[in-house]
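I opened the structure today to look up a few things. My notes follow in the order I took them.

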Number of protein chains: 2
Amino acid sequence: MRHYFPVFTVLGGVIMLFSLTMLVPLGFSWGLGDGAHAVYDEAILATLAAGLFLFLACRGEKRELQPRDGFLLVTLVWTVLPAFGTLPLLLAIPGLSFTDAYFEAMSGMTTTGATVLTGLEHLPASLNVWRCFMVLLGGMGILVLAVAILPLLGVGGSQIFKAETPGPMKDEKLTPRIAETARGLWAVYFTVATACMLALHAAGMGWTDAFMHMCSVMGLGGFAGYDASFGAFDSPLIEAVAIFFMLLAGINFALYFLAWRQRSWRVVFTDLEARFFWALMAGSVALVTVLLLAHGTYPDALTALRHAAFSVISVATTTGFATVDYAQWPIFAPVLMLFLCGFATCAGSTGGGIKLVRSLLLMKQAQREFTRIVHPRAVVPVTLGERVVPPEVLASLQGFMLIYGAVMTAATLALLATGLDVITAFTAVVACLNNTGPGLGQVGPSGNYQGLSDVQTWICTLTMLLGRLELFAVLVLFSPGFWRK
Amino acid sequence: MRHYFPVFTVLGGVIMLFSLTMLVPLGFSWGLGDGAHAVYDEAILATLAAGLFLFLACRGEKRELQPRDGFLLVTLVWTVLPAFGTLPLLLAIPGLSFTDAYFEAMSGMTTTGATVLTGLEHLPASLNVWRCFMVLLGGMGILVLAVAILPLLGVGGSQIFKAETPGPMKDEKLTPRIAETARGLWAVYFTVATACMLALHAAGMGWTDAFMHMCSVMGLGGFAGYDASFGAFDSPLIEAVAIFFMLLAGINFALYFLAWRQRSWRVVFTDLEARFFWALMAGSVALVTVLLLAHGTYPDALTALRHAAFSVISVATTTGFATVDYAQWPIFAPVLMLFLCGFATCAGSTGGGIKLVRSLLLMKQAQREFTRIVHPRAVVPVTLGERVVPPEVLASLQGFMLIYGAVMTAATLALLATGLDVITAFTAVVACLNNTGPGLGQVGPSGNYQGLSDVQTWICTLTMLLGRLELFAVLVLFSPGFWRK
Ligand SMILES: [K+]
Ligand SMILES: [K+]
């Protein structure tokens, strides 16, 4: 146990920092006079005290952190912070169970955006700010995790994230240490976030709404301040702004960092993965628009395009905002959208799913099999851009895909065993594992996760966590070899 | 074109042989006096003439067949024979469309057992014999394909089938040539088939019923002579016999061949894959029995065990007989059963799906990733039994799994685009791709494929074919490299 004290010390520090982030909803509560400020006072004190206690209790033991400690730390951060994140929710909403509060906080910190709450517009505004702000924080964590930590830990072929994207970790002259990478990414993240908030305000949102929905857009999270989600605004202009920034947040943030360093946007527009992402979004929107027109779902092409563009991009980028009940569309469309959310966002973005670069590699591997069958003796390396991807990275990726499929199957079977219907169970798992939020059936765009039983809620909570930490960071803790000295 | 004449010559020969197999239903028609014999006369003459014409037209061109020709030949055999197999159906059933007849014949030759026909008991008995006999023939083809041809062609890691099973191809002293392998396998196949038919008759079936349901059991096919499938007999004894022979047919037939050669059953009972298969069946039956009892679906434990055992083993072995409408069971059970059919049968059996040996390897690869993450520098080979599986075989297997997933997704989306509901579309694809037969929803155990539109039927037909030929044998024909000299 003492061996892990240095990990706990770092965790204590992170918890203390986390307590300070609650100053943001506290500020909103004061400014808006919504009467909820005592909630944050108590939550901050309790969180700060807990973090300080952990920090002081464990800091006697000193040693250098190893890569292996990274798994433990990352999993602890994403399970313990949501526990403290529940405090404002539990204090402000009478009768809310810990199960539901933890789901909600986990949904925020994993930028999933699935909710168990209804009557959002009747909550203190600062509480919605807190929900959304957790998405922004979760996004910050994910950027560092995806760009700096996972490639270091070698999870599921994520070395290709580093190798392929001209990100901070690749160029030795860029800041190689995690802390500096984090600072660079966050500077970019907040710059884009500020632009997003200003644009949403300019498009017609009040400042509070602009702030909270900016948080959700940047984290590709999907929490909203209204039960009707983005439908509450019913504004094509606001939707257009959201679409624009979802498309920006769906690519590797390291590209922006590099563009800023090089004083040129060229790296962004020549990146293979980013171009593929945008092309995929455009193609999918076009396809769904044509489908909606062919089925006469909307009277005119412009309306069909508007709703297709928002819904497809919202789901495919794993954001999960809703403006219309797309579950009522011809069923091909929502299934396609849920399929896209499994792989469409880029590595190094705040999006969920297996990431586009992994999908590209998988496609190339499948393609290679055909060549191999026709020319059994040919040596066909798998390449990405101009690089040959090493076989051990491909093997890692395969292992990742297998676990991904196994987790999806196991979670679906577990939900079915609790008596949930097939559509709800399967799409809830897809939506949680890919950190998207809305599925179909009971958890569709017009419903939410409130109707689930406690056991079902915990299964979904665990699935969100597994998806967000790219499975291995959590699962490796359960492998017997991990704890052996 | 002339380059492929030698392939067509072989195809012509196979078509001629196929025409002779129609003597079997002709014999039944005479014996039973069902008045359908003219149907077979015409079908035999037309098929024989077509085969002879092809044989004579192409036999001028002579060259040694290459492995690459194998893909073309295998795909031609499994697309052209069903076309001739439709003749008795089209001649005997007025108003039957070619689309439906081809689906039915393909369903037989791929041992899928999905049907578009109703009122089976009102058809001439010999026509049901022909439907079921196509399953037996399909099973013969599959044994040779799986044990001798696919490993030679190196499809989807199927080299492991050869490497791991102590089959005819492995031991150099056994008959290494395909023809002799085929003869050995078929001798075993017909021995077990005869035992199966005698046992079914002894359990209470008439000889005609015993013959046709034996065909379905041996091919793990699932065609029956009654709309109610095995439910028509309502006999626990008959069900027990069917279960026993489905469990025998689900393992590698090369094991029986070897057991016969060695005059010892030891090879059968020590085979890793076979033991895993039986254990998996026993465990799944136990699980479903407990579930049915817990939900009070059946009044007593024995009834629950009876129905659980038959339905689970029927679906998991990709047979697809039904005795009860298990779609009405707690949904966990039918979904588990459909999940099992994707991988539970052994390589070298007549079953569908990816095969248990592939699943075992995939599990081991996933496991290896955990070891790799904890010990990044460790070299961890993937083993099967005592052998190390070569990396290129693993890579092949990965490619296979990717294509398998892609075909499943594409076929489901295609069915959804035609307006089918999600449950029917997805389970129909699972049931066709794994050559199982019944899915859920419209194509569930109490329904069939009759209600599908022509386009939907063709999608399912193609999916059955792809599944049966392990994807690559068909798909490689569409890769540009294949036709290049
Ligand atoms: K999301
Ligand atoms: K079958």
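Is Glu104(B) buried or exposed? I looked it up, keeping in mind that this is a predicted model. Glu104(B) counts as buried, at 1% relative accessibility.

**Entry 1: the partner of Glu104(B).** I found Glu104(B) in a salt bridge with Arg131(B), with 2.9 Å between the closest N and O atoms. Glu104(B) sits in helix H5 (residues 98-109) of chain B and Arg131(B) in helix H6 (residues 125-153), so the pair ties together parts 27 residues apart in sequence. Arg131(B) is buried too, at 0% relative accessibility.

**Entry 2: salt bridges in chain A.** I noted ten salt bridges over all chains. One of them joins the side chains of Glu239(A) and Arg306(A), at 2.8 Å from N to O. Glu239(A) belongs to helix H10 (residues 236-249) of chain A and Arg306(A) to helix H14 (residues 301-316), so this pair ties together parts that are 67 residues apart in sequence. Glu239(A) is buried, with a relative accessible area of 3%. Arg306(A) is partly exposed at 23%.

I then checked Arg358(A), whose side chain meets that of Glu470(A) in a salt bridge of 2.7 Å, N to O. Arg358(A) is in helix H16 of chain A, and Glu470(A) is in the loop between helix H19 (454-468) and H20, 112 residues away. Arg358(A) is buried at 0% relative accessibility. Glu470(A) is buried at 5%.

**Entry 3: the potassium ion.** Which protein atoms are donors to ligand 2? I listed the O atoms of Thr111(B), Thr112(B), Leu220(B), Gly221(B), Thr318(B), Thr319(B), Asn435(B) and Thr436(B), lying 2.2 to 3.2 Å from the ion. Gly221(B) lies in the loop between helices H9 (207-218) and H10 (236-249) of chain B, and Asn435(B) in the loop between helices H18 (422-433) and H19 (454-468), so these two tie together parts 214 residues apart in sequence. Gly221(B) is buried, with a relative accessible area of 0%. Asn435(B) is buried at 1%.

**Entry 4: where chain A meets chain B.** I read off 39 residues from chain A and 39 residues from chain B in the contact. The two chains bury about 3,500 Å² between them, 80% of it on carbon and sulfur atoms. On the side of chain A, H17(A) gives the most, with eleven residues. By class, that side has 25 nonpolar, nine polar and five charged residues.

Terms used. Residues numbered from 1 in each chain as written. Chains lettered and ligands numbered in written order. Predicted model: local features only at pLDDT ≥ 70, side-chain atom pairs only at ≥ 80, totals over all residues. Heavy atoms only, no water. Donors = N, O, S within 2.8 Å, 3.2 Å for Na, K, Ca; no water. Helix = DSSP H or I, 4+ residues; strand = E, 2+ residues; numbered from the N terminus. Buried < 20%, exposed > 50% of the residue type's maximum accessible area, 1.4 Å probe, protein only. Contact = heavy atoms within 4.5 Å. Buried area = accessible area lost by both parts, 1.4 Å probe. Nonpolar A, V, L, I, M, F, W, Y, C, P; charged D, E, K, R; others polar. Salt bridge = Lys/Arg side-chain N within 4 Å of Asp/Glu carboxyl O.
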